[in-house]
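Please examine the chain below, first as a whole and then through a few of its parts. A report on its computed geometry comes after the display.

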Amino acid sequence: MIEEIRLRNWKSFKDSKLYIEPLTFIIGFNASGKSNVLDALHFLSELAKGVSIDDAGADVRGGKDWIISRDEDCCGIDVKIHNDDTDYFYTIEFAQTDEKLVITKEHLSVNSKDLLLTDDNKVLPNKMLLSMTSYTAKQGRRRTLQVLRDKSALYQLASAGLLKEVTDGINVVLNSFKNIFMLNPIAPLMRNYTPLQKELKEDASNIAGVIAAIEESEQRRLQNKIADFVRPLPERDIVRIWAETVGMFGKDAMLYCEESWIEGKTQTLDARGMSDGTLRFIAIVTALLTLPEKTLLLIEEVDNGLHPSRSKELIKALEEIGRERNIDVLCTTHNPYLIDSLGPDMIPCITYVKRNEQTGSNELKTLDENENLVNLMASGSIGLSMVKGKI
């Protein structure tokens, strides 16, 4: 899974690195660059699926003309991926030529426990797997590989008959990028009837169709788990959450919930009667429970629409389901109550974005790197320091 990402001349970042934990939060002022980090990861995901770099760039917020930092000729992204006992290091650089983005450099190297040390305990350098030239599996002799500059070389060479070690490394990196999922639940869209579908959309508009399409016995288990996490969210406890098919042909679905009422009575609502916050929370829990293992789940403003007193319920869902299903979660937030709900043990998992006063570029720093951390904690909570603009 992805452990580090370094951004070089990417949008507002000149050179900065993010460490990705099982649960990572990015905090900072409006327009500080939090979204730019998520954009970079989503950009890599698109390249891994075979999207051209120009098209992937066009989909980034602000468009491709704003990807490369002002007054710079090229941009680079470096990623560290850990898989079993092996670390892979991937680099891609690109520039804009004739108003199109083109890849100018791409390479992949590996470090495993078998390669790290020599007999005299000296660290060996990374072993290069791919750098635009590589080896064929059959002849074992060096040859130049013809690749297009508008798509990732990894994507183009995944089935090119290279040495097994190289192909395995390529697939590890590609799969890590493909398993990046940007979740942006849009509550009004979740209130509609939706066709039965297997994969959740990024806006969660088809959530009812995804839940209803699951095999019946597994569907019941999923619905029970969703209800367990969502139950304490509203003022009246949620008894049950489910989706069922509607219409003559049973090819569409609607989301429902049953809330406890007065004197032991219950009230049934469909998605049209649920609050935005409840629907967003259901979408987050459903994504955690249905996305493939080893997914990196990106959620911007994760607590949007959520009452501050329910922050602990959100943290519980992110931590427990993420750990159980081996899903890493990367979120942005402005909510001081949410940050305080994390507790002191999670301080290394909080990254803040600040602007360098000398260069004007944005920088990523983990909270435990803050030289004033002790003073900040002594003067109040981390959330309070956020509110006062000290972080």
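## Basis of the model

This is a predicted model, in which local features need pLDDT of at least 70 and side-chain atom pairs count only at pLDDT 80 or more, whereas totals for chains, interfaces and linings use all residues. Residues are numbered from 1 along each chain as its sequence is written, and side-chain values use heavy atoms, with hydrogens and water left out.

## Overall chain

The chain contains 13 helices and 18 strands, these elements being DSSP runs numbered from the N terminus (H or I and at least four residues for helices, E and at least two for strands). Its radius of gyration is 23 Å, close to the 21 Å that the globule rule gives for 391 residues, so the chain is as compact as a globular protein of that length; the radius is taken over C-alpha atoms, and the rule is 2.2 Å times the number of residues to the power 0.38. Along the principal axes, the C-alpha trace spans about 75 × 60 × 50 Å.

Of the 391 residues, 51% are buried, where buried means under 20% relative accessible area, exposed means over 50%, and partly exposed lies in between (1.4 Å probe, protein chains only). The accessible surface comes to about 19200 Å², with 48% of it belonging to carbon and sulfur atoms; these areas come from the Shrake-Rupley method with a 1.4 Å probe, and for residues only the protein chains shown count as cover. Among contacts with a separation of 6 or more, 58% are between residues 24 or more positions apart, a contact being heavy atoms within 4.5 Å.

## Salt bridges

Side chains of opposite charge can pair when their charged atoms come close. The structure holds 21 salt bridges, each defined as a side-chain nitrogen of Lys or Arg within 4 Å of a carboxyl oxygen of Asp or Glu. One of them joins E72 and K14, with 3.1 Å from N to O. Because E72 lies in the loop between helix 2 (53–58) and strand 4 (74–83) while K14 belongs to strand 2 (residues 13–19), this pair ties together parts that are 58 residues apart in sequence. E72 is partly exposed at 33% relative accessibility, and K14 is also partly exposed, at 30%.

In another pair, the closest N and O atoms of E300 and R61 are 2.6 Å apart. E300 is placed in the loop between strand 15 (296–299) and helix 10 (311–325), and R61 in the loop between helix 2 and strand 4, so the bridge ties together parts that are 239 residues apart in sequence. Here E300 is partly exposed at 22%, as is R61 at 38%. By contrast, K164 and D168, which form a salt bridge of 2.6 Å from N to O, both lie in helix 5 (residues 164–178), four residues apart, about one turn of the helix. K164 is exposed at 60% relative accessibility, whereas D168 is partly exposed at 33%. Salt bridges with shared partners also join R6, R8, D15, D78 and E93 into one network.

Helix 10 has 15 residues and reaches 21 Å from its first C-alpha to its last, close to the 21 Å expected at 1.5 Å a residue, the expected span being 1.5 Å times one less than the number of residues. Its buried residues include S311, L314, I315, A317 and L318. Seen down the axis, the buried residues of helix 10 fall within an arc of 165°, so they line one face of the helix; the arc is that of the directions from the helix axis to the C-beta atoms. On the other side, K312, R323 and E324 are exposed.

The cover over the buried residues of helix 10 includes strand 3 (23–27), helix 8 (216–230), helix 9 (276–290) and helix 11 (336–342). Helix 9 is itself mostly covered, with 13 of its 15 residues buried. After helix 10 comes N326, whose phi is positive, near 55°.

## The loop residue K151

K151 sits in the loop between strand 9 (142–144) and helix 4 (153–157) and is partly exposed, with a relative accessible area of 28%. K151 and L47 are 104 residues apart in sequence, yet their C-alpha atoms are 6.9 Å apart in space. Beyond its neighbours within four places in sequence, K151 is in contact with G50, V51, S52, I103 and Q156.
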